[in-house]
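Here are a few friendly notes to read alongside the model. Please keep the structure open and find each spot as you go.

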Amino acid sequence: MPHPKLLEILRSIETPDFKTNELAFHNLDQFLTLRTFLEGYTLSEIDERIWKALRLNKVAFGVLRRNIFLNVTRWFTHLEWTYPALRQSTKAPPKAAAGTVTDQPGGRYNIKLQDTENGVVTRFPPEPSGYLHIGHAKAAFLNDYFAHDAFSGSMILRFDDTNPKKEKQEFEDAIIHDLGLLGVQTKKVTYTSDYFESLYELCQKLISEGNAYADDTEYEVQKKDRYERRPSARRDRPATESLELFKEMRDGTEIGKRHCIRARIKFDSSNGSMRDPIVYRFPSWDADEGPQPHHRTGWTWKIYPTYDFACPLVDSIEGVTHALRTTEYADRNEQYHWFLDALGLRRVYLWDFARINFIKTFLSKRKLTKIVDTGKVDGWDDPRMPTVRGILRRGLTVEALREFMLKQGPSRNVVSMDWTTLWAMNKKIIDPTAARHTAVEIAGKVLLTIEGAALTPWKEDRAKHPKNAGVGTKVVTFASKVLVELADAATLQDGEEVTLMGWGNVIVKRISKSADGGIECLEVKLNPGGDFSKTKKIHWLAAEGTQNSPAQLWEFDNLLTKDSLTKTDEFAKFLNPVTATMVDALVGADCEGLVEGDIIQLERKGYFRVDKAIGKGPDGKAVMFKIPTGTGKV
């Protein structure tokens with residue numbers, strides 16, 4: 001049974017009276033202060049009921065969008081993007097023609113998907129050869145959007161595991177985990193390897209009907225023939241002979257290893273993908289590693305279908321209705337449909353959208369693998385990496401990432417995005433709920449003695465957020481001796497009036513310096529009636545009466561020094577030599593309750609994500625990563 005207060009709130013929201021709503025919002029905001037969900041730790045029935053009531057009540061929804069009740073907005077947005085079915089359940093019937101999507105703000109969704117009245121099934125088919133990166137996130141979000149938001153359909157996660165040389169169980173597990181982090185819902189998880197026997201039989205059919213042949217032409221000769229639009233010398237090989245050779249390939253015999261299977265389409269086509277593409281082959285192994293087992297099928301198969309051959313066939317077999325893929329595959333659309341038609345399989349509709357690029361960023365799995373393997377970064381989840389894990393670990397929220405990607409829409413226009421746009425969007429999401437704390441850099445810290453302050457330290461409760469009481473309170477220690485940063489102390493002058501943040505104004509009485517001119521300590525006097533409007537603001541930590549804790553504050557830069565690499569650029573030459581800087585600092589006792597993943601603002605330093613809580617990092621230090629805000633370094 002839901003909490004009585006929640007039922008009362010629900011009844012209030014379901015009425016159109018504004019005053020009642022205002023009280024309900026206040027009560028709901030208070031209830032959500034320390035909660036992610038209204039009941040328990042997952043989506044509950046009362047969460048759904050109140051969310052839908054807010055969404056369907058025009059008055060309540062209008063109040064929500066004004067962002068007055070920040071805890072309610074946080075909760076509402078979290079449910080909105082984490083549980084797409086909720087959004088679908090409150091969607092009004094579309095006024096546009098069937099299959100037309102036009103209702104996503106910021107993105108160009110005025111596209112016509114065919115035959116949506118018969119159901120929509122999309123698929124996301126990553127290769128398990130690396131971790132998901134921000135480019136994959138766009139594809140995942142778009143497929144999820146069309147399957148669950150634009151239409152009442154479903155989405156399949158299918159691993160394209162046709163290249164055992166690169167694929168690992170580690171990557172497969174990581175992809176499933178990361179899609180969960182993104183809140184992307186999949187109906188089922190499948191594998192191209194589930195269909196290896198069926199694909200082999202379909203290739204036999206293709207050969208039997210004269211639509212494919214076995215070819216043992218040397219690779220370089222074959223490549224040149226295709227470029228110059230010349231037929232292979234083996235193109236007219238009889239089907240019976242090609243079938244026999246295909247079996248030799250499956251058995252891994254010496255004669256079989258010299259062959260591949262090519263589709264017999266049109267060797268002189270103006271579309272290069274139609275010039276008798278390879279459909280089955282032996283993987284190319286490095287000389288020092290030799291053949292490797294498939295991570296799922298072991299040594300059962302020695303030959304593997306190409307992606308271009310397997311993808312359309314499995315799409316059709318699995319019931320995919322609309323295959324969304326990047327424009328780099330556009331010239332292969334003709335080939336995609338040819339395979340389906342040649343084998344008499346159900347047609348699948350295609351829609352191409354532009355891949356997303358970011359300046360000073362590379363998304364090539366080969367390059368990403370190289371910098372991981374060579375130790376340029378600490379792993380696939382390093383906050384400098386453009387992987388899903390990396391950017392989330394750096395402090396990007398799923399809400400910002402999803403909103404950003406959906407605003408790009410399924411446009412075919414290729415653009416190179418600036419990270420600042422995404423980080424600025426992220427700041428708008430984190431600022432209303434990021435608790436404020438204080439850190440003082442250890443190097444050169446200066447002791448400041450305050451005349452007029454009580455000699456015995458004392459503690460006061462203060463708001464964690466100046467504009468959002470719902471974030472809660474923290475205990476701040478006040479003392480007659482506090483620590484300030486050297487950079488601030490060096491700017492002070494005798495007689496100057498400055499403001500100690502969260503306390504009040506003081507007047508500088510004495511600046512003690514060492515023989516070499518360095519500042520050793522400061523003496524100031526409280527000035528309770530001072531004017532805050534024109535003074536310099538300084539943050540501080542009590543030097544006594546409390547237990548300050550050490551912390552590492554990290555800031556990261558781009559991995560590349562060049563906006564975008566060309567094919568002729570030597571990758572290593574454009575790697576940024578310094579991409580991470582760290583300063584040691586002290587944080588107050590009010591940070592002791594922070595846990596990994598918390599996002600806070602350190603006064604005058606910016607927003608940070610807690611990567612390691614106090615006591616969990618190196619030598620017990622907390623570890624915090626600075627979150628870009630759309631200005632300066634990204």
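**Notes on the model**

1. Let's begin with R436, which sits in strand β14, covering residues 435-437. Strands (E, at least two residues) and helices (H or I, at least four residues) are DSSP runs, numbered from the N terminus. Please keep in mind that this is a predicted model, where local features need pLDDT of at least 70, side-chain atom pairs count only at pLDDT 80 or more, and totals for chains, interfaces and linings use all residues. Residues are numbered from 1 along each chain as its sequence is written, and side-chain values use heavy atoms, with hydrogens and water left out.

2. Is R436 buried or exposed? R436 counts as buried because its relative accessibility is 8%; buried means under 20% relative accessible area, exposed over 50%, and partly exposed in between, with a 1.4 Å probe and protein chains only.

3. Now look at the surroundings of R436. A polar atom of its side chain lies 2.6 Å from the backbone oxygen of A434. Leaving aside neighbours within four places in sequence, the residues in contact with R436 (heavy atoms within 4.5 Å) include D431, K464, E603 and Y607.

4. Next, zoom out to the whole chain. The domain assignment gives domain 1 (4-89), domain 2 (121-193 + 354-425), domain 3 (195-314), domain 4 (441-542) and domain 5 (549-627); such bounds come from an automatic or database assignment. Taken over C-alpha atoms, the centres of domain 1 and domain 3 are 57 Å apart.

5. An unreviewed UniProt entry places the feature "domain: tRNA synthetases class I (E and Q) anti-codon binding" at residues 537-611. Over residues 537-611, the chain is 40% strand and 0% helix, and the end C-alpha atoms lie 28 Å apart.

6. Finally, visit D569, in the loop between β25 (549-556) and β26 (580-587). With 19% relative accessibility, D569 also counts as buried. Which side chain makes a polar contact with the side chain of D569? The partner is K562, at 2.7 Å. A polar contact is a pair of N or O atoms within 3.5 Å; within protein, one must be able to donate a hydrogen and the other to accept it, and residues adjacent in sequence count only if both atoms are side-chain atoms. Leaving aside neighbours within four places in sequence, D569 is in contact with K562, S564 and F574.

Technical notes
UniProt positions renumbered as here; feature names shortened; annotations may be inferred.
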